[in-house]
Amino acid sequence: MKQHSPWVTADFVAGRTTQLAEIRTSADTIYWLETRAANGGKTTLVAQKNAFPPRDVTTPDVNVRSSVNEYGGGAYAVSAEGRVIFTNAVDGRIYHIPDGVQKVMGGTDNCRYADFSPLSAAQAALCPSAPEAVFCIREDHRAGGQAETSIVWVAAGIETVLVRGQDFYASPRLSPNGQYLAFVSWDHPNMPWNETQLKLVRLDWAAGHPAIAGIRVLVGEDAACSVMEPVWQDQTTLFALSDANGTWQPVKFEKKENWAGAFLPDSGFEIGAPPWVFGHQSLICLRDGGLLTHGVKNGMPHVASFNEDGWRDAHFGFSAAVPLPIGDAFAWLHTPSDAPPSIRIGRDLAQSRVLQTAFTFPDGIGPDDCAHPRALSFPTRDGATAHGFFYAPVDDTALADAAGRPPLIVTAHGGPTAAANPAFSFKVQWWTTRGFALLDVNYRGSSGWGRAYRQALEGEWGARDVTDCIDAVRYICDQGLADPKRCVIRGGSSGGLTVLQCLALSDIFCAGTSLYGVADLMTLVAETHKFESRYLDRLIGPLPATRHLYTSRSPVHHAAQINVPVLFLHGDADQVVPLAQAEEMYQRLKDHGVTTEIKIYPGEGHGFRQAETLRDSFQREYDFYLSVFRGVA
């Protein structure tokens, strides 16, 4: 269906954008987070109990957000009985909500908290003096320099460090009887999708609080693999996800004479996602003894169940994470490509109802007015295969050339160990409703195709991702799906480096946009935060031996090779990729006579959340490309 007046306007994006995330359930209540652009990008905890309407659990001045590892996630948790614990980004404190009133239960200045594991009523009986206690991850910045990360026990306002000594920790999960605490840990230079360990602590509660009585490594001591998301089925059975066999798959650990682990039969798809943030759930245990899982199959989100009869597809549509049980149904965040994200409850997609939507389409707009992803695989110049999603323009006449071909906008996702997401996105629909075709590239290094595909970018960032994007564009243009004279590229964070390298090393693009993107790798190493401070050891190589690669892969040293217009969009509060990266690249291009613009957004960090920023950035980038196209022969 051709749409001749774009319905995705800048005001629509800025004014109605609400992000839904992190569903949790208790006995009779569904909880989720809403990040509302209209409230300055603050995140509110929302709940719906039985048939009552949704209600805000936290007040408008609260921001339920964590910044542990800078990317955060896991900012709240709910016990089986409905006890809510969260961290407030406004003051950094940990809160709980007894009797419906927000109360501080812990937190220390210059410390950050995430990944809470509250006690059930049965577990709380182990510490009767502090039934409101919680295990969590603490990132301690009090000493200056790199923060210390640890697993802490917070009770009655007192924090007790239980586990420390490694660089990173995640997923502290208490066994049902409270005897064991499972957790994930790793050290520099690894990232959690490279090499982690799954450990088990035996706890002693004799003194009315947890003390370590023993610790052992279940996975990761002998062979390098990424293991994550420990989940207890009962007090003697623990599941986790490991990629030791090539893709993330469930491993079952049982306590017999000793703790022994074995992979379940291969599911045929990758279960899990790279843990950039805390709180993502890809695996749960069901009451009947089976499992429900979420992952990626052929680039698309996929939910499947496992029991003694084997694996079966579960029909929940495009779920953002594993659906969670509530009563005899499930709750999940439904994220189709042609409708707003929504919180749903039901036995499956066909037997479900909507509890909340992120926004509503304008009257008269439906799925036929949206661009839909076409999963594609394309050959690379070195004989490999890479992947992506192609979106034809909704209005295929708005900007078409004489041959009927639309301009093409290419997106390079961040990470770079992330993946293009086929869920509904304003970043897709904004362009396709204006006559652009869009190509979202899952270059090698992306997640969803197993460990080997992720590792294919090791030592090659700034090179292989670049050639894969260029090869993808040539593949699309060779099929007549886009005008080869009007191809532009945009990307954020690490994707910004890919953008600038593509502009420097090829002549296939007529313009590009770097959103809070990397330009100087050596500066990034010196200035970035702890979580990613050694990331480049794998993506580029260890210093100082590979310093020459840091120079050759840094766009700031190739400004003279870029001769097409470039737009920079960056927040002045970005702690992941500091603003100076964009400012220096902008100045070097300007000194070389390249048409370039920069827009700095006050108060914005790594990613844009404020309504006015969203409104301006979308419209500014669109106007920028139109001005470039007027000069293209």
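Predicted model: local features only at pLDDT ≥ 70, side-chain atom pairs only at ≥ 80, totals over all residues.
Where does Arg444 lie? Arg444 is placed in the loop between β33 (437–442) and α4 (451–455).

**Arg444 and its polar partners**

- Arg444 counts as buried, because its relative accessibility is 6% and the cut-off for burial is under 20%.
- The side chain of Arg444 forms a polar contact of 3.0 Å with the side chain of Asp382.
- A polar contact also links the side chain of Arg444 to that of Asp468, at 2.8 Å.
- Apart from neighbours within four places in sequence, the residues in contact with Arg444 are Thr380, Asp382, Ala384, Tyr453, Ala456, Leu457, Arg464 and Asp468.

**Packing of α5 against α6**

- Helix α5 spans residues 464–478 and helix α6 spans residues 494–505; the two pack at an angle of about 70°, and their axes are 9 Å apart.
- The angle makes α5 roughly perpendicular to α6, because angles of 65 to 115 degrees fall in that class.
- The crossing of α5 past α6 is right-handed.
- On the α5 side the contact involves Asp465, Val466, Cys469 and Ile470, which meet Thr498, Gln501, Cys502 and Leu505 of α6.
- By residue class, the contact of α5 with α6 comprises five nonpolar residues, two polar residues and one charged residue.

**Thr29 in strand β2**

- Thr29 belongs to strand β2, which covers residues 29–36.
- With a relative accessibility of 5%, Thr29 counts as buried.
- The side chains of Thr29 and Asp28 make a polar contact at 2.9 Å.
- When residues up to four places away in sequence are not counted, Thr29 touches Arg24, Ala47, Gln48, Lys49 and Ile326.
- Between Thr29 and Val78 there are 49 residues of sequence separation, while the C-alpha to C-alpha distance is 10.0 Å.

**Ser352 in strand β29**

- Ser352 is part of strand β29, which covers residues 352–357.
- The relative accessibility of Ser352 is 19%, so Ser352 counts as buried under a cut-off of under 20%.
- At 2.8 Å, the side chain of Ser352 reaches the backbone oxygen of Leu349.
- Beyond neighbours within four places in sequence, Ser352 is in contact with Trp332, Arg344, Ile345 and Gly346.

Methods: Residues numbered from 1 in each chain as written. Heavy atoms only, no water. Axes fitted to C-alpha atoms, helices over the stretch in contact; angles between N-to-C directions. Helix = DSSP H or I, 4+ residues; strand = E, 2+ residues; numbered from the N terminus. Parallel < 35°, antiparallel > 145°, perpendicular 65-115°, else oblique. Left-handed = near helix turned anticlockwise from the far one by under 90°. Contact = heavy atoms within 4.5 Å. Nonpolar A, V, L, I, M, F, W, Y, C, P; charged D, E, K, R; others polar. Buried < 20%, exposed > 50% of the residue type's maximum accessible area, 1.4 Å probe, protein only. Polar contact = N/O pair within 3.5 Å; in protein donor to acceptor, adjacent residues only side chain to side chain.
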